[in-house]
Amino acid sequence: MERSKGLLVYFFYIILVLTWGSSFILMKIGLQYYSPAQVATIRQVSALIILFGFAVFYIRKIPIKKLGYVLLSGLLVMFIPAYLFCYAETGISSSIAGILNALTPAFTLIVGAAFFKQKIFKMQLLGWQSALLVLACLFW
């Protein structure tokens, strides 16, 4: 039973990797036929359709006082970047866009330490070093 559960986790991980990785090339293909705003809107509406059931169920659990923060977070983390990535891919390759997106945790670590005086832990540094390695390979 435990082995099949482990295999199921790897299966879902592979699906996630393929979905996440293919999104940048699919944006580039979509930009051949649609404007950046149209491609981003198609992505957003698709996500809305797929996640609508979860949203209706879980939105009731969010305290009213925190709803504004949740909406702001959605704008800053999902809505605005979707449009910015589509506009960016009109001038850069999809592989560069994907790499820059993968560096988001490293940039978050830097901003948190520099502007919010957050303490950096050893495991965070390990992840940051791997992000720097990606950058070094990119610009080599």
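In this predicted model, the largest pocket has a volume of about 1,600 Å³, where a pocket is an open set of points on a 1 Å grid over the protein atoms alone, with protein on both sides within 12 Å along at least five of seven lines, and the volume is the space filled by probe spheres set on the points. Its lining, made up of residues with an atom within 4 Å of a point, comprises 39 residues, of which Gln44, Ala47, Leu51, Met78 and Phe79 lie nearest the centre. Two or more lining residues are given by each of helix H1 (2–30), helix H2 (36–59), H3, helix H4 (94–102) and helix H5 (104–116), helices being DSSP runs (H or I) of at least four residues; H2 provides the largest share, 13 residues. By residue class, the lining divides into 30 nonpolar, eight polar and one charged.

Met78 and Phe79 also belong to a nonpolar surface patch, together with Leu72, Leu75, Leu76, Val77, Ile80 and Leu84, with about 760 Å² of accessible area in total. Patch members have over 30% relative accessible area and no salt bridge, nonpolar side chains being joined within 5 Å. Leu75, found in helix H3 (residues 67–88), is partly exposed because its relative accessible area of 40% falls between the limits for buried (under 20%) and exposed (over 50%), with a 1.4 Å probe.

Lys117, in the loop between H5 and helix H6 (122–139), has a positive phi of about 55 degrees although it is not a glycine, and counts as exposed at 70% relative accessibility.

Residues are numbered from 1 along each chain as its sequence is written. Local features need pLDDT of at least 70 and side-chain atom pairs pLDDT 80 or more, whereas totals for chains, interfaces and linings use all residues, and side-chain values use heavy atoms, with hydrogens and water left out.

Key: Patches are made of residues with over 30% relative accessible area and no salt bridge: like charges are joined within 9 Å, nonpolar side chains (Val, Leu, Ile, Met, Phe, Trp, Tyr) within 5 Å. Accessible areas come from the Shrake-Rupley method with a 1.4 Å probe; for residues, only the protein chains shown count as cover. A salt bridge is a side-chain nitrogen of Lys or Arg within 4 Å of a carboxyl oxygen of Asp or Glu. On a 1 Å grid over the protein atoms alone, a cavity is a set of points where a 1.4 Å probe fits but cannot get out, and a pocket is an open set with protein on both sides within 12 Å along at least five of seven lines; lining residues have an atom within 4 Å of a point. Ala, Val, Leu, Ile, Met, Phe, Trp, Tyr, Cys and Pro count as nonpolar, Asp, Glu, Lys and Arg as charged, and the others, Gly among them, as polar.
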